[in-house]
Amino acid sequence: MSEGPSVDITAEEESVFLFYHKLKMFEICESMKIPIHVQSTVIVYFKVLFLKKRVFHYDMNNLVMACILLAMKVENINITTMQIKEVVPGVDERLLAEYELEICNALKFNLHVPSPHLRLIGLFLLLRNKESVQTVMTGSVQTQDIVSPDANIDWDTSAENLKTLMLLDNYHTLDLTQVAIASLPVPPTELEGFFMLDTLEAAGHLKKQMKRKKSPSKVQINTIKEKIKAIQARYKIVQPMEG
């Protein structure tokens, strides 16, 4: 399909629109209580698809749900189209199936996406028991028992940090270990002795990118939607839907 229509919508507008729908994905995933490692898969599907496609190629509501539906299937979480319809009324079964196939093709059917989630859990547990781990590694004698874990190590903060990194445009290309380290609510230097210095430095650079952008305004999104609908109608790319 020709990319010609993209001249009617700027790269910045596309970026804003994609970011808006990433946030929307998170909201839907949270409402469906989808685990964070599956959310990571959803985001990667979405990002990889748009390496070659543009926002006007799809009905975004259906595309978001297609990413979620396919990711849940791949991660062995039972879900049906009817359940999807309960979450987002008005989804089109035909488009869901069509978009699922497009996602599969974009990924060349390599649907299992590695996630930093397990590494983050491991690092989280490591930091909560850092003194004990270091004692075992060095063979030294532990001078005191750890009665309680480090109060500064909070899992919810770590998970939110990971979600913020998921929103980065290049998330699907990042090193999983560096992402996991950057997601921790402590400086990467806390892990000196456990990782190479260049890994910790790279994680530190990632951490600096972790400030989450604000959600676009409704006016901004509606303006972009109108442009997209006009392009879709003109080139008969997809039947636009409200929402």
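User: At roughly what angle do the axes of helix H9 and helix H10 cross, and within what distance do they come?

Analyst: Start with the general idea. Two packed helices are described by the angle between their axes and the distance between the axes. Now the case here, in a predicted model. Helix H9 covers residues 176-183 and helix H10 covers residues 197-208. Their axes come within 8 Å and cross at roughly 60°.

User: Which word describes that orientation, and what is the handedness of the crossing of H9 and H10?

Analyst: H9 and H10 are oblique to each other. Their crossing is right-handed.

User: Which residues meet where H9 packs on H10?

Analyst: From H9 come Thr177, Gln178, Val179, Ile181, Ala182 and Ser183. H10 supplies Thr199, Leu200, Ala202, Ala203, Leu206 and Lys207. Sorted by class, this contact has 7 nonpolar, 4 polar and 1 charged residues.

User: Take isoleucine 181 from that list. Is isoleucine 181 buried or exposed?

Analyst: Buried residues have under 20% relative accessible area. Isoleucine 181, in helix H9, has a value of 1%, so it counts as buried.

User: What does isoleucine 181 touch, leaving out residues up to four places away in sequence?

Analyst: Isoleucine 181 touches Leu123, Pro188, Leu191, Phe195, Thr199, Leu200, Ala203 and Lys207. Of these, Thr199, Leu200, Ala203 and Lys207 are also in the H10 part of the helix contact. You can also read a C-alpha separation for this residue. Isoleucine 181 and leucine 162 are 19 residues apart along the chain, and their C-alpha atoms are separated by 9.6 Å.

User: Now another pair. How do helix H2 and helix H5 cross?

Analyst: Use the angle and the distance again. Helix H2 (residues 36-49) and helix H5 (residues 93-106) have axes that come within 9 Å and cross at roughly 80°. That angle makes H2 roughly perpendicular to H5. Tyr45, Val48 and Leu49 of H2 make the contact with Glu102, Ile103 and Ala106 of H5. By class, this contact has 5 nonpolar, no polar and 1 charged residues.

User: How many helices and strands are there in the chain?

Analyst: The chain has 11 helices and 0 strands. Two further values describe the chain. Of its 243 residues, 47% are buried. Among contacts with a separation of 6 or more, 76% are between residues 24 or more positions apart.

User: Back to single residues. Where is asparagine 62, and is it buried or exposed?

Analyst: Asparagine 62 lies in helix H3 (residues 60-74). Asparagine 62 is buried, with a relative accessible area of 1%.

User: What does the side chain of asparagine 62 reach?

Analyst: The side chain of asparagine 62 reaches the backbone nitrogen of aspartate 92, at 2.7 Å.

Definitions and conventions. Residues are numbered from 1 along each chain as its sequence is written. This is a predicted model: local features need pLDDT of at least 70, side-chain atom pairs count only at pLDDT 80 or more; totals for chains, interfaces and linings use all residues. Side-chain values use heavy atoms; hydrogens and water are left out. Helices (H or I, at least four residues) and strands (E, at least two) are DSSP runs, numbered from the N terminus. Buried means under 20% relative accessible area, exposed over 50%, partly exposed in between (1.4 Å probe, protein chains only). A polar contact is a pair of N or O atoms within 3.5 Å; within protein, one must be able to donate a hydrogen and the other to accept it, and residues adjacent in sequence count only if both atoms are side-chain atoms. Axes are lines fitted to C-alpha atoms, for helices over the stretch in contact, and angles run from 0 to 180 degrees between N-to-C directions. Angles under 35 degrees count as roughly parallel, over 145 as roughly antiparallel, 65 to 115 as roughly perpendicular and the rest as oblique. A crossing is left-handed if the near helix is turned anticlockwise from the far one by less than a right angle, and right-handed if clockwise. Contact means heavy atoms within 4.5 Å. Ala, Val, Leu, Ile, Met, Phe, Trp, Tyr, Cys and Pro count as nonpolar, Asp, Glu, Lys and Arg as charged, and the others, Gly among them, as polar.
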